[in-house]
Amino acid sequence: MKKRKLGELEVSALGLGCMGMSFGYGPPKDKQEMIALIRTAVERGITFFDTAEVYGPYVNEELVGEALAPFRDKVAIATKFGFAPSTEGEARWSGLDSRPQHIKQAVEGSLKRLNVDSIDLLYQHRVDPKIPIEDVAGTVKELIKAGKVKHFGLSEAGAQTIRRAHAVQPVTAVQSEYSLWWRQPEEDVLPTLEELGIGFVPFSPLGRGFLTGKIDENTQFDSTDFRNIVPRFNLENRKANQALVDLLTSFAEQKKATPAQIALAWLLAKKPWIIPIPGTTKLHRLEENIGAANIELSAKDVQAIEKAASNIKIEGNRYPDSMEKMVNR
């Protein structure tokens, strides 16, 4: 697979989001099957893997660490800090916590679970309004100097926060949701990243599975699936948003591809410093996503897709209200 650069960090043009293997989309999947899937991804050329302490919690980092142990010198692992574990001892989080001492504790835990000496890319998972971003960046700077972290990232941060952090410790990558059905980063985040030479990592590049065309109004999600509480996935909104999938399907037919591949190819065509991280738990989906890296959309193709998409009103918020408050700070 072709390589791309997030700042100075060179990785495969597509990464693999590992959250859904342990968390968020129904019951955790079989650990040995997921280890095999991650190792297959490496064999197919993927060198960039995304996890976080909150996924599980903790077990996703352990899974990724075990799966990638034989390939440690060939891959880059990204993880995240910034949530406070619940005092109830359940798989819950009680809010945000980016106090310097908590960041250092979180990093020690991640290093152990990932079984690594240094974290390749460490993101602040969500901006903590109680802690100045300069303090967060300064703490990560110390961790980089100590050799425990190689690169600093932010997730779902606003443009001004990115600038303030970057002034203290250069930011290698910003991760946010971005796809044909969530294009807000184009307003001010992407221009800021281009100006500062920071890479961009779209998560949910397939709209939490919706843009694959395999989810419709009749789809039933497991009771533990996060999408049950996402407004965009309620029945009426799924019906309305099907128009975007139909558009992708028509373009896919022209290119002898799938809707998912066109959605990913569109992202890859936007900027050379964009590296999407679609997640999957299925081998055939992994193969399908990897195939997107070989589809080249021309500027005319991109323009045609965007022109058609601009006529479609996307219905529903991408997060419940409680979570919406944590993004774009």
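How do the residues of the lining of the second largest cavity divide into nonpolar, polar and charged?

The structure is a predicted model, in which local features need pLDDT of at least 70 and side-chain atom pairs count only at pLDDT 80 or more, while totals for chains, interfaces and linings use all residues. Residues are numbered from 1 along each chain as its sequence is written, and side-chain values use heavy atoms, with hydrogens and water left out.

Searching the whole structure gives 2 cavities of 30 Å³ or more. A cavity here is a set of points, on a 1 Å grid over the protein atoms alone, where a 1.4 Å probe fits but cannot get out; a pocket is an open set with protein on both sides within 12 Å along at least five of seven lines; lining residues have an atom within 4 Å of a point. Grid points are joined across faces, edges and corners, and a volume is the space filled by probe spheres set on the points.

The second largest cavity holds about 30 Å³ of space. Its lining consists of Glu-177, Trp-181, Gly-207, Arg-208, Val-230, Arg-232, Phe-233 and Arg-318. To answer the opening question, these divide into 3 nonpolar, 1 polar and 4 charged. In this scheme Ala, Val, Leu, Ile, Met, Phe, Trp, Tyr, Cys and Pro count as nonpolar, Asp, Glu, Lys and Arg as charged, and the others, Gly among them, as polar.

Glu-177 leads us to Ser-204, which is in contact with Glu-177, Tyr-178 and Ser-179 once neighbours within four places in sequence are set aside. Contact means heavy atoms within 4.5 Å. Ser-204 sits in the loop between E11 and H7; helices (H or I, at least four residues) and strands (E, at least two) are DSSP runs, numbered from the N terminus. Ser-204 is buried, with a relative accessible area of 12%. Buried means under 20% relative accessible area, exposed over 50%, and partly exposed in between, with a 1.4 Å probe and protein chains only.

The largest cavity has a volume of about 40 Å³. Phe-251, Gln-254, Lys-255, Ile-262, Leu-297, Asp-301 and Ile-305 line this cavity. Helix H7 (235-255) and helix H10 (299-309) each supply at least two of the lining residues, and H7 gives the most, with 3 residues.

Which residues of H10 are buried? They are Asp-301, Val-302, Ile-305, Glu-306 and Ala-309. Seen down the axis of H10, they fall within an arc of 125° (taken from the directions from the helix axis to the C-beta atoms), so they line one face of the helix. The face turned away from that side carries the exposed residues Ala-299, Lys-300, Gln-303 and Lys-307. H7 and H8 are among the elements covering the buried residues.

H8 (residues 259-270) also gives the most to the lining of the second largest pocket, with 3 residues. That pocket contains about 160 Å³ of space, and its lining divides into 7 nonpolar, no polar and 3 charged residues.

Finally, the sheet. It is open, with 7 strands in the order E3-E4-E5-E8-E9-E10-E11 and parallel pairing. Strand E3 (16-17) and strand E11 (199-203) stand at the edges, each with a single partner strand, so one side of each is left without a neighbour in the sheet. Two strands pair if DSSP finds at least two bridges between them; E3 and strand E4 (residues 48-50) pair over 2 bridges.
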